[in-house]
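Subject: Handing over the structure

Hi there,

Here is the structure for you to open alongside the sequence. Could you have a look before reading my notes below?

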Amino acid sequence: MENTIGNTNITTKPKKKWNLKKNWVPYALLAPAFIMIFAFLFYPMLTVFYYSFQNYDISAPFYDGFAGLQNYIDIFTKDKQFLPSLINSAKWVVSQVSLQLFFGLAVALLLNQKFKARGFVRAVVFVPWAISGVLTSVIWMLMYNEHMGVFNDILMRLGIIDKPVAFLASTTSAFIAVVIAELWRGIPFFAVTLLASLQSIPEDMFEAARVDGASRFQQLIYITLPQLKRTIVLTTLLRSVWEFNNVDLLYNLTGGGPANSTTTYAMYIANTAVNGTNFGYGSALTIVAFVILSVAAGLYLKLSKFEEE
């Protein structure tokens with residue numbers, strides 16, 4: 001539409017009409033996803049935060065009510081299991097993530113080579129990751145069994161031990177036993193993710209390195225690992241959070257015993273809130289865990305200079 005004012009022509013564009021259907025359809029399609037996220041993520045988080053300030057023990061309902069910061073004060077001043085469980089969690093996370101990363105990288109480098117039946121071998125390697133935690137616990141519980149377990153049978157045949165050993169009932173072997181069981185389940189995660197990143201590295205870089213006389217070890221140090229840095233940082237961060245919150249395998253194999261030798265922080269929360277029915281105190285422990293993980297994740301990303309990349 002053109003309007004003439006004197007000798008000047010002014011062109012005015014017609015105003016766009018508000019199309020209610022066109023503008024609201026995307027939001028309507030996204031609404032179910034947002035509702036599900038709020039219902040299954042944010043609402044439980046808010047509920048836990050609320051109960052952390054309450055005395056909520058279903059075994060002693062007459063004490064229920066607002067507790068303020070008392071639950072948090074008790075955690076840092078009176079709880080004798082708080083610090084030992086954190087130490088066990090630190091040992092658990094460091095041992096699991098470091099070993100899983102090492103063996104996962106070794107498996108990924110092996111599977112990145114060309115050989116017969118490579119697809120079949122890759123599928124077999126992924127099997128432990130596809131098995132549920134409960135089924136994994138049952139498998140390893142049978143293998144560790146004192147009377148019919150395969151480990152006792154092999155060690156006795158080799159003459160390493162004279163009589164069957166209850167691996168999960170000893171304070172000296174229980175932690176190592178559950179570490180091995182979780183290691184078997186966790187290696188495929190690193191193997192698959194690192195293998196995917198390995199296949200994205202240009203082959204020209206390795207060819208140039210070989211022309212310059214670089215050995216396989218030098219290619220690993222100066223080409224492979226730098227190219228895998230982002231993947232390694234993300235996978236170790238994710239796996240650290242998952243292992244810190246790991247409960248299913250520990251709960252089924254040892255229940256935190258013997259003598260709390262395998263009671264990690266997550267296991268302690270489960271025993272307090274679920275077995276002990278003290279949901280208020282368990283919620284406070286959960287909030288403390290959330291803060292610890294958030295700070296640790298932020299520091300890890302900062303120290304690894306991941307954000308700069």
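This is a predicted model: local features need pLDDT of at least 70, side-chain atom pairs count only at pLDDT 80 or more; totals for chains, interfaces and linings use all residues.

A word on naming before I start: helices here are DSSP runs (H or I) of at least four residues, numbered from the N terminus.

Pro258 is joined to Gly257 by a cis peptide bond, with omega about -5 degrees. Asn260 is also found in the loop between α11 and α12, and its phi is positive, near 60 degrees, although Asn260 is a residue other than glycine. Elsewhere, Ala117 has a positive phi of about 60 degrees, again without being a glycine. Ala117 is found in the loop between α3 and α4.

**The whole chain**

The protein chain has 13 helices and four strands. Its radius of gyration is 28 Å, well over the 19 Å that the globule rule gives for 309 residues, so the chain is more spread out than a compact globule. The C-alpha trace spans about 110 × 75 × 35 Å along its principal axes.

**What UniProt says**

The unreviewed UniProt entry places the feature "transmembrane region" at residues 24-46, 92-111, 123-144, 164-184 and 279-301. In the model, residues 24-46 are 100% helix and 0% strand, with end C-alpha atoms 29 Å apart. Residues 92-111 are also 100% helix and 0% strand, and there the end C-alpha atoms lie 28 Å apart.

**How α7 packs**

Which angle do α4 and α7 make where they cross? The axes of α4 (residues 118-130) and α7 (residues 174-198) come within 6 Å and cross at roughly 130 degrees. The two helices are therefore oblique to each other, and their crossing is left-handed. On the α4 side, the contact is made by Arg122, Val125, Phe126, Pro128 and Trp129; on the α7 side, by Trp184, Arg185, Pro188, Phe189, Ala191, Val192 and Leu195. Ten of these contact residues are nonpolar, none is polar and two are charged.

Helix α3 (residues 82-111) packs with α7 at an angle of about 45 degrees, the axes being 6 Å apart. That makes α3 oblique to α7 as well. The crossing of α3 and α7 is right-handed, and its contact residues divide into 20 nonpolar, six polar and two charged.

Happy to go through any of this with you.

Best wishes

Technical notes:
Residues are numbered from 1 along each chain as its sequence is written. Side-chain values use heavy atoms; hydrogens and water are left out. Axes are lines fitted to C-alpha atoms, for helices over the stretch in contact, and angles run from 0 to 180 degrees between N-to-C directions. Angles under 35 degrees count as roughly parallel, over 145 as roughly antiparallel, 65 to 115 as roughly perpendicular and the rest as oblique. A crossing is left-handed if the near helix is turned anticlockwise from the far one by less than a right angle, and right-handed if clockwise. Contact means heavy atoms within 4.5 Å. Ala, Val, Leu, Ile, Met, Phe, Trp, Tyr, Cys and Pro count as nonpolar, Asp, Glu, Lys and Arg as charged, and the others, Gly among them, as polar. UniProt positions are given in the numbering used here, feature names are shortened, and annotations may be inferred rather than shown by experiment. The radius of gyration is taken over C-alpha atoms; the globule rule is 2.2 Å times the number of residues to the power 0.38.
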